[in-house]
Every structure is written in C-alpha cells, then in structure tokens.
Amino acid sequence: MATFLYKLGRLSFRRRRYVALLWVLLLGGIGYASSAAPAPPADSFSMPGTDSQKAFDLLDERFPAASAEGATARVVIRAPEGEKITDPAAKAEVNQLVAALGKGPQVAGVADPFKANAVSKDGTTAYASVTYKVISTELTDKTHDALTDATDKTRAEGFTVETGGDAVQAEQEMGGSAELIGIAVSAVVLVITFGSLIAAGLPLLTAIIGVGIGVSGIAALGSVLNLSGTTSTLAMMIGLAVGIDYALFIVSRYRAEIAEGREPEEAAGRATGTAGSAVVFAGLTVIVALAGLSVVNIPMLTKMGLAAAATVAIAVLIALTMIPALLGFAGKRALRRKDRKNLKSADSKGNRSTKGRGLTKPGDTHSTTNAENAKPNLGTRWARLVLRRPVTVLLIGVLGLGAVAVPATSLELGLPDEGTSAPDTTQRKAYDLLSESFGAGFNGPLMVTVDTGGTKGAAAAAKTVGTSLAKVDGVAAVTPASVNPAGDTAIITVVPTTGPSDHRTEELVKTIRAKASGLEADTKSDVLVTGQTAMTIDFSQTLDDALLPYLGLVVGLAFLLLMLVFRSVLVPLKAALGFLLSVAAALGAVVAVFQWGWLADIVGVDQPGPIMSMMPIFMIGVVFGLAMDYEVFLVTRMREAYVHGARPAEAVVTGFKHGGRVVGAAAVIMISVFSGFIMENDDMIKMMGFGLAIAVFFDAFVVRMAIVPAVLALLGKAAWWLPRWLDKLLPNMDVEGEKLHKSLAPSSSPAAEDEHEHGDNDEEERELEPVRG
C-alpha cells in the first residue's frame with residue numbers, strides 16, 4: 001500500500017493543477033445540485049418490527065386523518081386567578097381564540113376544548129389542539145405569526161396562554177456558528193503547530209472542501225433518501241474534525257521529509273506513502289464504526305452513520321490527493337520562515353551535493369552534531385518519563401478514568417420532550433400547565449389499537465379492552481374508543497398516572513402488552529400499544545438489544561484492521577480495551593452534566609434529564625473510530641522505528657518524538673470542533689458535541705499519551721508478537737513503509753540523487769561514499 005500511495009502522492013504533486021481543479025469542480029457541481037434540491041425533510045423515527053411501529057402503520061392505513069404527519073400545536077389556556085374557564089365571559093374569550101386559530105394559514109382544523117372534553121376537572125384550564133396541513137419544517141412565517149398573534153391577544157385579556165407541539169417555532173438564541181468556532185480554534189492550533197500560515201492553511205482548506213462536498217451531497221440527496229438536517233450537522237461535525245487531522249498528519253510528515261533532505265516532490269510522495277497509509281487505515285476504522293450503525297435497524301440512525309461515513313471517505317481521498325497537489329504549489333514555503341532561512345544558510349555554506357536538500361544534509365557533520373545536541377522535544381521528554389514510571393502512570397490513568405466513569409452506572413435513557421425544555425420557554429410552561437391540571441401522564445398518553453382483521457366488531461372488542469385496561473394500576477383514565485368507518489379498527493387512549501419519562505410509565509407499557517395476549521384471545525383481535533411514549537420505550541429497547549452485536553461487529557472488524565497495520569495481537573487488544581475505558585469515562589461525564597446537572601450552567605443545559613437513547617451507541621461508534629485514529633497515527637511511528645531496528649523502548653520514544661506533538665495538536669483540533677457544537681440549540685447536537693469532545697480528550701491525552709506507552713513499556717518485545725502461522729496468513733500492507741524504503745534506498749536518498757545528478761564529479765563521489773555506506 002505504501003508504494004502505491006507513494007506513486008499517487010508524486011502523481012498528484014506533478015499534476016497538481018488538474019487535481020486541484022477536479023476537486024474544485026466537484027465541489028461546485030455538487031454545491032449547485034444541493035442549491036436546486038428541495039428542503040431536507042424533518043427528523044422522523046421508525047423502528048421496523050416493533051409493536052409501536054406496527055400499530056403506527058396500522059393507524060396510518062385505517063385512520064389516515066388521525067395519524068397524519070402534519071404539524072400540531074396545543075394551546076393551553078388558564079383563566080385568571082379566582083375565575084373558571086367555564087364562566088360565560090371566559091368561555092366566550094376561548095371561543096374567540098379557537099376561531100382565530102382556525103383562520104390561520106395552513107391550518108387543517110382546531111378542536112374546540114368544550115366539545116372535545118379538554119377542560120380540567122377544577123374548571124380553570126382548557127386546551128385547544130391545532131392541526132396543520134404540512135409538516136413542521138414547511139410551516140411559513142405567516143403561519144407562525146398567526147399562531148403567536150392569536151395567543152398574544154388572549155393573553156392580553158388576562159388569561160395565561162402557553163403553546164406546545166412541533167408547530168411552535170423554537171427560540172433562536174445562538175446556533176449555526178459551531179463550525180466557524182471550530183475552524184477558528186483549529187486555525188490557531190495549526191499556526192502554533194506549524195509556525196507557517198501556508199502549512200496551517202492547507203488542512204483547513206482541504207477540510208472545508210471535503211465537508212462542503214459531503215454536506216452538499218447530503219443536501220442534494222436529502223429529499224430522495226430522506227436525509228434530515230440533523231444528518232448534515234453530524235456529518236459536518238465528524239468530517240471537519242477528521243478532515244483537518246488527516247491533512248495535518250500528511251503535511252507534518254512532508255515537512256519532516258524536507259528536513260531530512262528530500263526534494264519537495266519526493267517528500268510529498270514519501271509523506272503520502274507513510275502517513276497516507278496511516279490515514280487510510282484510520283479512515284477505514286471510522287468508516288467501519290459509522291457504517292456499522294446499520295446493524296441497529298433504525299433507519300434514521302443508519303442514514304446518519306452512512307452519511308457521516310461517506311464524508312469521512314471523502315476526507316481520506318482529499319488528504320491523499322489534494323494535499324500533495326497543494327504541497328506542489330507551496331513547495332518549501334510549507335516550512336517555518338526560520339527553517340527556510342536556515343535551509344538557505346545551509347545551502348550557501350554547503351557544496352553542490354547538498355544544495356537544496358534540506359536542513360540536515362547527508363554528510364554534514366555540523367548539522368548532525370546540532371541535531372544530536374538539540375534539546376529533546378516535549379514528546380520525547382514525556383515518553384522517557386512514562387518509561388521510567390510505567391506502573392505509576394498506568395494506575396493513575398486507569399483509576400482516574402474509572403472514577404470519571406462511575407456516573408455511567410446510573411445512566412437513564414429517553415428521548416427529549418417538552419418537559420426537558422428550558423423552564424422559561426412556552427413549550428415547557430404549556431407542559432407544566434397540562435401536568436398540573438390534567439395529570440403528569442397527560443403529556444404522554446398511550447394509544448391502544450384494536451384490529452379485528454378486516455371484520456366488523458371493533459367497537460365491541462375495544463369496549464372490552466378499555467374496561468380491562470381501566471383496572472390496571474398506573475392508568476389514570478381510558479377514553480371511549482374511536483372506530484374507523486369500516487368498523488374493523490378502533491383506537492383507545494390510555495392516560496398514565498405518571499409522566500412520559502417516568503420509569504413507572506415504561507412498566508405500565510410492559511404490563512399492558514403482557515395483558516394484550518389474553519385480551520386478543522377474548523376479543524379475537526390484535527391489540528397493540530403505540531404513541532410517542534411507547535415509541536420512545538421501544539426505541540430505547542431496540543438500541544439496548546443492538547448494543548452488544550454492534551460492539552462485536554465494530555471491535556472485531558477494527559481488530560482485524562489493526563492487526564494488518566501493526567502485525568501484532570496485543571497492540572490491537574490494548575487499543576480496544578483503551579477505547580472501552582475512554583467511552584465509559586465519556587458516558588460518565590455526559591451523565592454527570594446532562595442527567596445530574598453538574599456544570600449545567602457552564603455547558604448550557606437548560607433542564608437536566610434522561611440521556612437520549614441513541615447517544616451511547618452513536619458515541620461508541622464515533623469515538624471508536626476517532627480513538628483508532630490516534631492509535632494508528634502514534635503507534636505506526638513506533639512500529640516503523642521497531643521494524644527498522646530500534647529497541648522497544650527506543651521505538652516508543654521515537655513515536656512520541658515525531659508524532660506526539662502532531663497527535664496532541666490533532667486532538668486539540670477535534671476537541672475544539674466538537675466543543676463548538678455544544679452551543680447549538682438542538683439538544684442532541686449539544687449532547688453529542690460535549691460527549692465527543694470529552695471522549696477525544698480522555699482518549700488522546702490519557703489513554704493514547706499515557707496508558708499506551710506505559711503498557712508498551714511493560715510488554716517490551718511481546719507487544720509486537722504475532723504467531724508465525726498468522727503472520728503468513730495475514731497480507732503485509734506495509735503501512736510503516738518498510739518495502740517502500742527498501743525500494744527507494746538505492747535511488748531516492750539525497751546522496752544517491754546527488755550521485756545521479758553529478759556522477760562525473762569524482763571528488764563529490766568520494767565525499768558521498770561514506771554516506772551511502
């Protein structure tokens with residue numbers, strides 16, 4: 001692989017104009033297609049095979065009006081203090097509000113609270129349900145304004161009026177600037193790392209192009225493949241982070257090759273062949289982890305994973321082709337100004353054999369001495385410290401992450417609802433008013449469907465089912481059944497005594513489903529439970545059931561990939577165990593902040609509550625891929641040194657000497673990109689941004705920078721052990737570039753290049769002979 005990528009890097013360098021033009025044209029073409037495409041659809045949940053989904057599909061077929069996908073709003077009205085909503089004056093005001101709501105644009109209908117039995121027992125509160133002809137994302141500004149104007153008018157008369165539902169426009173405070181914040185911080189880190197604006201600009205430019213292509217592609221295909229706006233946001237989050245990191249590693253290696261005396265084209269080829277190989281396998285682990293989300297069998301999660309995986313694949317391709325092309329334009333200007341001056345100074349003092357080769361010229365004793373006497377960098381000093389105290393570092397790292405992971409033992413899963421909104425929002429106020437006046441379970445009613453299989457008699461069957469369910473503990477009320485015109489399907493609304501996120505409500509759903517089998521035999525019908533609360537419960541259960549198979553698939557495939565990379569059994573095993581420690585600590589931090597409320601004000605958590613059901617499995621997939629990135633980039637350098645004859649301890653130091661600073665910078669960049677999304681209004685994006693940022697911090701700076709070198713120091717040569725039979729069985733991918741170095745040694749070393757160029761100079765031949773030897 002290294003040889004192929006070496007050739008690809010040199011080809012991209014030589015044909016840089018064509019390569020750059022190709023990517024720019026691709027970005028422009030896909031961007032134009034996305035601008036002409038319809039708006040992306042709203043997020044929607046579907047869980048094939050679950051009881052709630054079966055019931056939902058049945059309602060969609062038998063009760064198209066009841067299961068319409070149009071937006072809804074619930075307008076809650078409470079009478080002034082000391083009055084009742086049923087008083088003649090108050091009733092007249094409510095009727096005026098209902099009439100005004102019905103005249104709004106895109107309104108399909110409004111349920112009169114006095115006719116729909118939507119008045120509280122104490123007579124102080126009522127609510128009107130408004131349904132719209134279109135989904136929430138298609139509601140116009142005029143529609144939102146009409147809803148607001150109608151409620152404001154009633155509120156001005158002294159009534160308390162609050163509105164909930166997906167038709168209510170969310171308040172926009174801060175959002176949409178997350179990617180700009182991440183890019184800005186990344187730019188600062190890159191400038192500090194490289195000391196060159198040109199070198200710092202290359203990863204940013206290629207990452208923006210890659211993300212632009214990926215996100216534009218998602219937008220262009222959004223309406224066709226039903227890809228929501230959340231899908232684009234997650235793809236942008238991950239694509240931007242890995243795009244910058246992959247380019248960072250190749251540019252860093254290019255600068256190192258220039259410093260060793262390579263010409264720019266040769267340096268670009270070698271950088272692509274060595275660091276590019278690590279990029280390929282790091283990208284593959286991320287792609288495997290994201291694409292593996294398909295095993296969960298939740299279409300929305302599958303689409304998110306595949307869209308993000310496609311964006312990562314684009315980032316890999318751009319790093320392997322466009323970065324060498326842009327390096328062709330930059331040349332030696334990718335070096336720091338100080339290094340370029342030193343290079344010119346060295347060239348002016350040197351002879352023809354070393355002219356233009358780099359900062360440290362073969363045969364240049366003065367340069368070699370300076371390199372040997374140079375103060376070890378931070379990565380080298382840190383590696384040597386860990387090697388002196390491996391047991392201490394290992395214990396501190398493991399125990400520290402273990403302590404942070406403790407809150408994860410109280411993890412509670414759920415989906416966000418209006419009860420978790422900020423207390424000062426109208427949605428939360430409407431939720432609280434309904435809970436106070438009608439009961440906590442009113443905000444999460446259950447819908448029970450009774451299907452007689454195409455024969456009439458659903459009304460009688462539903463009456464029997466309703467009578468039985470009314471006696472179940474935890475049921476506050478059971479409404480009369482609604483029967484479809486064909487008479488073969490009925491809907492019963494069951495109101496729990498507890499709220500939608502209460503654990504007792506989940507137990508109630510299980511109890512009703514357990515009774516359903518007996519009721520089905522008595523009524524000769526199918527009894528299914530659905531509704532938003534039941535869908536949430538089934539969603540969480542589906543994710544729980546898929547967690548172990550998903551972990552097995554992702555970890556297993558990645559383990560095989562890492563065995564190909566490192567030619568070792570213990571190194572991939574260590575990498576997988578380190579990942580589990582990182583993700584456990586990250587989940588603990590997420591629970592502490594978003595569920596317990598620690599540091600909630602700093603992070604911007606309006607209302608602590610259950611962790612979103614998809615958070616653990618999605619974070620596992622993403623973090624696993626990113627964790628393997630740092631494992632590949634850091635340990636590949638160690639493996640490369642070990643293959644070329646270094647002792648195990650020396651190989652660890654070499655890996656940190658060349659890769660520690662770059663991996664640290666890459667981690668800071670990823671953390672900054674993910675942290676920017678914490679300020680988004682979307683609860684899922686906020687939680688995902690925090691979880692990924694803290695997970696990268698734990699994995700990069702605790703696991704990969706501390707625990708990994710400590711474990712390698714304790715294992716010694718055993719770390720690189722591979723059974724002979726397995727060594728023969730596994731193909732040699734040459735990620736560390738051993739074959740590449742051997743094939744290039746006679747022809748592409750700086751000394752050999754001088755011999756080729758100045759072979760007729762006997763004096764130079766004699767001068768270069770010791771170097772070749």
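Reply: Start with the rings. The model holds 11 aromatic pairs. Rings of Phe, Tyr and Trp (its six-membered ring) pair if their centres lie within 6.5 Å; planes under 30 degrees apart are stacked, over 60 edge-to-face, and the rest tilted. Phe249 and Phe633 form a stacked pair, 3.5 Å centre to centre, with 20° between the planes. Phe249 sits in helix α9 (residues 229–259) and Phe633 in helix α22 (residues 615–643), so this pair ties together parts that are 384 residues apart in sequence. Helices here are DSSP runs of H or I with at least four residues, strands are runs of E with at least two, and both are numbered from the N terminus.

A word on the source. This is a predicted model, where local features need pLDDT of at least 70 and side-chain atom pairs count only at pLDDT 80 or more, while totals for chains, interfaces and linings use all residues. Residues are numbered from 1 along each chain as its sequence is written, and side-chain values use heavy atoms, leaving out hydrogens and water.

Buried means under 20% relative accessible area, exposed over 50%, and partly exposed in between (1.4 Å probe, protein chains only).

Next, the Trp rings. Trp596 and Trp598 have ring centres 5.2 Å apart and planes at 65°, so they pair edge-to-face. Trp596 is partly exposed at 37%. Trp598 is exposed at 52%. Elsewhere, ring pairs join Tyr127, Phe438 and Phe442 into a cluster.

Now the charges. There are 21 salt bridges. Each is a side-chain nitrogen of Lys or Arg within 4 Å of a carboxyl oxygen of Asp or Glu. One of them joins Arg78 and Glu436, at 3.4 Å from N to O. Arg78 is in strand β1 (residues 72–78) and Glu436 in helix α16 (residues 426–438), 358 residues apart. Glu436 is exposed, at 57%.

Compare helix α5 (residues 141–156), where Asp152 and Arg155 lie 3 residues apart. Their salt bridge spans 2.6 Å, N to O. Asp152 is partly exposed at 36%, and Arg155 is partly exposed at 31%.
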